Amino acid sequence: MKLTFLGATHEVTGSCFYLEACGRHILIDCGMEQGRDTFENQDIPIPATQVDAVLLTHAHIDHSGNLPLLYNRGFRGEIHATGATCSLCDIMLRDSAHIQMAEAEWRNRKGKRSGEKAYAPVYSMEDALATAHLFVPHDYNERFKLYDGIEVRFTDVGHLLGSASIEIWVTENGITKKIVFSGDIGNVNQPLINDPAYIGEADYVIMESTYGDRNHDPAPDYVSELANIIQDTLDRGGNLVVPSFAIGRTQVLLYFIRIIKEKGLVKGHDNFKVYVDSPLAVEATSIYEKNMSGYFDEEAMKLIEAGINPFVFKGLRTAITSEESKAINFDDEPKIIISAAGMCDAGRIRHHLKHNLWREDSTILFVGYQSEGSLGRLILDGASEVKLFGETISVKAKVCRLQGMSGHADKDGLLRWLKAFDKKPERVFVVHGDDRVCEEFTQYINELGYNAVAPYSGTVVDLSRNIVAVEGKPVPAERKKKVTTAYDRLVEAGKRLMAVIQRNRGAANKDLAKFIDQINALCDKWDR
């Protein structure tokens, strides 16, 4: 009964943990690293073909994004998650694959001129589509048997539609331990989704610490504040451009705007248009509409029971094709444009910024976190000009931010979640926070009487005895971004072949002979 920490250790992204129990090999999350990389993560210590199952906390790419890569390397087990997470991953992983392939195409077009090696995408659309077939949906609070000796339950954690903490009961050699993975703990009083549910007992807790060093400011009246920003922008005759994350934040904005229109809070601009220019956001909204019961909070459910769709209102337009997207900027009427990506580093939002940043009558409204170094952060920090598509654009538009919109619990929220356990766990492992934040939050909860540690990647814990078998070390990440070449993927395919060979030990001689012939035929073809 061992737990190995692989990703989201002293960092916020790349969530991945490896549980060995009852002769099974299980991953909890398989996320992609995003943004600045501080430490090197150890690879999964076994071939992907030997992973039996994945348990997924939620659909965000930093928790799910490497699942198609796992498939590409030979994983064919089941991926267990809530029903809403399964549906969201279907579109998010396809979108991620599209980004990987588009980046590879751009790199290779550029690299061909300078004689660089061919760049291969991390994974393909085929990998993402095949991965979608491995998902197994579950309801909240459904306790199910994963394997002999292992039971699992998903508990609503209020971060994103379908997000969950994962409770795992493991019985091995007569010893039973309960392990709880918090996932991303949600902020309270978020629109649409429920507040985090609390869990009563655990022997071990693996918990996030994203905002473990600070509390959020008091939440403003979002509807009134957004209405004032819309009123000001439309009165000036400009466009309100909102860079927004396609899943979660876009749906909340539509929910607010529906209320604003219903109450007539914007005067003199009846039926003002609202464009959602993101195919991913449009698909995600459709999934939200299909997954209301069991996921939405009481206020949203009252609307639904009254026959009101929380995301639909007069004046709403969607843009799916690139032609529809381009046409938005030829509409001279003042309007709202909600588009991805949320940090402005990719996607259609960059075209809308190009057409609106220089306009003094327009407004750029940020509604989510902008990481250091992103285009969104540069604009928010007051840059006078930015580069877009090789062109220098002056920033003359009004730039503002809707404060306090966070899907993560703050320090007090994290403590409420932790203190809900009936008794202190044997040990708390603090993950999913910046290096300094992990250390500060760990020290703080130790002062409260918890036995807590912030492990580095590579740390292995013997859960049956509550001892650290292997101590992970902080290995600084290489500052040069790693480039995956076609040869790198060939090497990975070779590793997968060796794993398949090992798994066929003891197979019938007739089958092995056929396998040998196939391998030799392949070698003959390429041994030149």
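Student: Hi! Let's start with threonine 13: which residues does threonine 13 touch, leaving out those up to four places away in sequence?
Tutor: Hello! In this predicted model, threonine 13 is in contact with Ala8, Met32, Glu33, Gln34 and Asp62.

Student: And where does threonine 13 sit?
Tutor: Threonine 13 is in the loop between β1 (2-7) and β2 (16-21).

Student: Is threonine 13 buried or exposed?
Tutor: Threonine 13 counts as buried, because its relative accessibility is 13% and the cut-off for buried is under 20%.

Student: OK, another loop residue. What about glutamine 42, where is that?
Tutor: Glutamine 42 belongs to the loop between β3 (24-30) and β4 (53-55). With a relative accessible area of 47%, glutamine 42 is partly exposed.

Student: What does glutamine 42 touch, not counting residues up to four places away in sequence?
Tutor: Leu6, Ser457 and Gly458.

Student: And how many Å lie between glutamine 42 and alanine 219?
Tutor: They are 39 Å apart in space, C-alpha to C-alpha, and 177 residues apart in sequence.

Student: Let's zoom out. How many helices and strands does the protein have?
Tutor: There are 15 helices and 23 strands. The C-alpha atoms fill a box of roughly 80 × 65 × 45 Å along the principal axes.

Student: What does the radius of gyration say for 528 residues?
Tutor: The protein has 24 Å, and a compact globule with 528 residues would be near 24 Å, so the two agree. Buried residues make up 52% of the 528. Of the contacts between residues at least 6 apart in sequence, 74% join residues at least 24 apart.

Student: Now the sheet of seven strands, what is the strand order there?
Tutor: The order is β7-β8-β9-β10-β11-β20-β21, in an open sheet with mixed pairing. At the edges are β7 (144-147) and β21 (452-453), each pairing on one side only.

Student: Which helix packs on the sheet and touches β9 and β10?
Tutor: That is helix α12 (residues 411-419), which also touches β11 (204-208) and β20 (427-431). The direction of α12 makes about 165° with that of β11. Helix α13 (residues 435-447) lies across β11, β20 and β21, at about 160° to β20.

Student: How do β9 and β10 pair up?
Tutor: Strand β9 (residues 164-172) and strand β10 (residues 175-181) run antiparallel, joined by seven bridges. Glutamate 167 stands opposite valine 180 in β10.

Student: Switching to helices: at what angle do α5 and α6 pack?
Tutor: Helix α5 (residues 222-235) and helix α6 (residues 249-263) pack at about 75°, with axes 10 Å apart. They are therefore roughly perpendicular to each other.

Student: Which residues make that contact?
Tutor: From α5 they are Tyr222, Val223, Leu226, Ala227 and Ile230, and from α6 Leu253, Phe256, Ile257, Ile259 and Ile260. By type, the contact has ten nonpolar residues, no polar and no charged.

Technical notes: Residues numbered from 1 in each chain as written. Predicted model: local features only at pLDDT ≥ 70, side-chain atom pairs only at ≥ 80, totals over all residues. Heavy atoms only, no water. Pairing = 2+ DSSP bridges. Helix = DSSP H or I, 4+ residues; strand = E, 2+ residues; numbered from the N terminus. Contact = heavy atoms within 4.5 Å. Axes fitted to C-alpha atoms, helices over the stretch in contact; angles between N-to-C directions. Buried < 20%, exposed > 50% of the residue type's maximum accessible area, 1.4 Å probe, protein only. Parallel < 35°, antiparallel > 145°, perpendicular 65-115°, else oblique. Nonpolar A, V, L, I, M, F, W, Y, C, P; charged D, E, K, R; others polar. Rg over C-alpha atoms; globule rule 2.2 N^0.38 Å.
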